[in-house]
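Visitor: I would like to learn how to read this model. Could you walk me through it, one feature at a time?

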Amino acid sequence: MTAGNLNNDMAHSPDVPGNGETTISGLELFARLIGELNSSTKTNDKLQSLVDYFAIAPDRDKVWVIAVFSGRRPRRIVSSTLLRDWCSEITRYPAWLLDECYHTVGDLAETLALLLPETKHTDNSNQNLSYYLETFINIEKQDESVRKSFIFDSWQQMSRDERFVFNKLITGGFRIGVSQKMIVNALVKIVDLSASVIAHRISGNWDPVTTSFNDLLSESASLSDFSKPYPFYLAYALEEEPDVLGDEKDWQAEWKWDGIRGQIVKRNNEIFVWSRGEELMTDKFPEYFILKDLLPDGVVIDGEIIPAIEGKPLPFSVLQTRIGRKNIGKTQLQDAPICFFAYDLLEYKGADFREKPLYERRNQLAEIIDPIKNKAIKISEILFFSSWDELKELRKSSREMNSEGIMLKRKNSDYKVGRKRGDWWKWKIDPFTIDCVMVYAQKGSGRRSNLYTDYTFAVRDGDNLVTFTKAYSGLTDKEFAQVDNFVKRNSIEKFGPVRTVKPELVFEIAFEGIAVSNRHKSGVALRFPRMSRWRKDKSVDEINTIDDLKAMLKMYGK
Amino acid sequence: MSNFISFTDKGLYCQVGDFYIDPWKPVGKAIITHGHSDHAYFGHKYYLCHTLTKPILQLRLGENNYQTLNWSEAIKINNVRVSLYPAGHIIGSSQVRLEHKGQVWVVSGDYKVEDDGISGKFEPVNCNTFVTESTFGLPIYKWKPQQEVYENIITWINKNKENGKASVLLAYSLGKAQRVLQAIKETTQTIFAHGAVFNMQQGLIDAGWDICRVVRVTPETPKELLKGAVVIAPPSADGTPWMKKFHPYSVGVCSGWMQVRGNARRRNVDAGFALSDHADWDGLLQTVKATGAEKVFVTHGFQSAFSRYLNEEAIAMAAEVKTQYGNEDEEAPDLPVEEKIEQ
């Protein structure tokens, strides 16, 4: 901080401490950090904000910031409804007015921060970030009145910006473009550890309440949690023909499976299953428990969690039926049995294997898995091909294999951290597409609040239109602005935040899969729908019909 | 009496007086509340406005049949007593007071309650029926005192200077620009301006206003002079090639819409300053109460929410009205003709 800034801060602060240092609470520092992350549009600026923050924040707060940005937020202590009610109670604004404000702001935490009466910031009575988050944990199970009075008291002591982050910590999801990778890159500049060690340390099963900053990122002792997975290596999409990759002999091909990317960790005679989102999912897949006895100790295997019967994968929608459940029952185990399709070996006999070349890792992987012969795990087979043209032919049968295309990996590549170009490519098949018309629009949230960016689409059913999907992405900012303008001028009716729109704009929707749904009127549910093109050349008469969708469902739905 | 003023497709129309207020299509007689382009349209046969608004209209619309009034001065048009009162929105901005057979109507135009030192101090006018704007008619819009916002702008400018960056402030060329210039003129010796702002500033200086002088950025302006400079430009300059000249720079937007984070993020600006020339929620409420009006028509903005609130809280009998005002803050291109010349 420069002298100029310091003076400025002192001028604002009513009681300047004698030693010339300003006392800024941990929460205020965090609020500033979020403010900077929010307004900066460049990755480097965000990184710098994080580095600056880590350089001056209290240790406990640093631990919590790492925790929050790696998905370890404390459990929610109150519902959105209660927060709204309490805000209504304080402000005396009726519920409908709060709703109106919410629809304009697009974010509940911010709405409440703006509505609550401004406080006179008399002194820096605020606590650190860790105090608030740890109190959340302490009072989570306590009486509503305890939680209420904690929140009321906290609100009263906070500025608008502090309230915003406080509310956000309750309601969740900062959505400010801070990835775990960015946190790692910032920490690299603060502690003397390599990026992959930091990534490894901050992933896995650690508790921010009991872990100190030094424990987490100590530069000496490798006191590590033995459940930890490695950061995933992710592939970029191959947009061209694979010929650009050079000699096909340098490349290994396998199917790209459509499940949940995961790692199975076996250490100290225990087994852990991690998803790519670094969520510990061991309990969700009882099928894998047996691997505790079948796998050697000290291995970490990268692969795909996928429903399969006799080694043949089932569509992703089958997996979806069990992901959300807390308890997996007999039906699920029977209808959606899970297998692990192993891709890679990251650790062997307790040693990090990631820097060995892929062919060596694969050989070792085969040696481990081949003898197991259990339906819980199999190797994701390597596809034989002698020329790129042969592989192109093979790729055409992807859908029949319930695969999304082909993965290409350089045979001598090491296992990298995060999404990196060059050695691993996903060569996906073209998505399904369908032409349809926009019928409803709703304002987006966050960066897109105030703009109509969330649309519902319909296909024709005789003389009627039947809605079948929503989509929010795929248009450029400019196109969104044009559609927004159209919505504003062509709305027919308003239902709360939703507007029905004159059915006129035709879009091509791309999607990855289709399944039966009893929830949607059309009877189908799409996987990852997005707007692939605005068909300005087409009119509503030319869009697809419900029968087209049903035909797709019949072909690929199960 | 209820249809003394009707809301027509050309604008607010007073039948008895046979004149319009801020009509958006060409009419015979028009009373103009202020010089923003969504209120002051081209093509009327006769314009009545405040003395201070006339030079602005001349600048924007050229020579026309103008008649002017000072605040509180009254004239009769077809038996309707017409007078103007300060609206505090921009220079010359006025509320229109109409009196006929003992009934008083006031049309607010755009207004703000806080005195910015340039636009004239807003005063609520007692009336039976009040036509109010509602641009920021939701309780999420509560402005910080302008001094605090100015300080934030100045801190931001100083920080940019330290980092060797120019500060490009986006502010509407009529109104906001003068206000911001007044606030930041001490931070630097020279303030640079986009052609649209420069022309407006110069026009006002020519009309006798003692306001801060600015230097126009032209293709000939040497790049070294602009290093770390302070530049004022209209919102529509954002993202145009015109901005390249200031590189490296930071963009700050001065607008009430910046109250909401999503708006600042959506526009990809570096800093948003919630500085508005419109009344905030408290300002609107306080004004409606102070007029003593029993009937309120709510125009451009959050008219349905604000009128519903007035009704439910029994503050006044309110109804919402659709108009075509309310584009000057964000969407309407600002003086496109002049900008084209600039680029």
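Visitor: Let's begin with chain A and chain B: how many residues are in contact?

Guide: Keep in mind that this is a predicted model. To read an interface, count the residues on each side. Here 25 residues of chain A are in contact with 20 residues of chain B.

Visitor: Which helices of chain B supply at least two residues each to the side that touches chain A?

Guide: Those are α2 (146–162), α5 (261–266) and α7 (303–312) of chain B. The largest share, six residues, comes from α5(B). As for residue classes, the side of chain B that touches chain A has eight nonpolar, six polar and six charged residues.

Visitor: Now a helix pair within chain A. At what angle do α8 and α9 of chain A pack?

Guide: For a helix pair, look at the angle and the distance between the axes. Helix α8 (residues 129–139) and helix α9 (residues 144–157) of chain A pack at about 165 degrees, and their axes are 10 Å apart. Because angles over 145 degrees count as roughly antiparallel, α8(A) is roughly antiparallel to α9(A). The crossing of α8(A) past α9(A) is left-handed.

Visitor: Which residues make the contact?

Guide: From α8(A) come Tyr132(A), Thr135(A) and Ile139(A), while α9(A) brings Val146(A), Arg147(A), Phe150(A) and Ser154(A). By class, this contact has four nonpolar, two polar and one charged residues.

Visitor: And which domains does the assignment give for chain A?

Guide: The domain assignment lists domain 1 (19–218), domain 2 (233–428) and domain 3 (432–556). Between the C-alpha centres of domain 1 and domain 2 of chain A there are 36 Å.

Notes. Residues are numbered from 1 along each chain as its sequence is written. Chains are lettered from A and ligands numbered from 1 in the order in which they are written. This is a predicted model: local features need pLDDT of at least 70, side-chain atom pairs count only at pLDDT 80 or more; totals for chains, interfaces and linings use all residues. Domain bounds come from an automatic or database domain assignment. Two residues are in contact if their C-beta atoms, placed from the backbone, lie within 7 Å. Helices (H or I, at least four residues) and strands (E, at least two) are DSSP runs, numbered from the N terminus. Ala, Val, Leu, Ile, Met, Phe, Trp, Tyr, Cys and Pro count as nonpolar, Asp, Glu, Lys and Arg as charged, and the others, Gly among them, as polar. Axes are lines fitted to C-alpha atoms, for helices over the stretch in contact, and angles run from 0 to 180 degrees between N-to-C directions. Angles under 35 degrees count as roughly parallel, over 145 as roughly antiparallel, 65 to 115 as roughly perpendicular and the rest as oblique. A crossing is left-handed if the near helix is turned anticlockwise from the far one by less than a right angle, and right-handed if clockwise.
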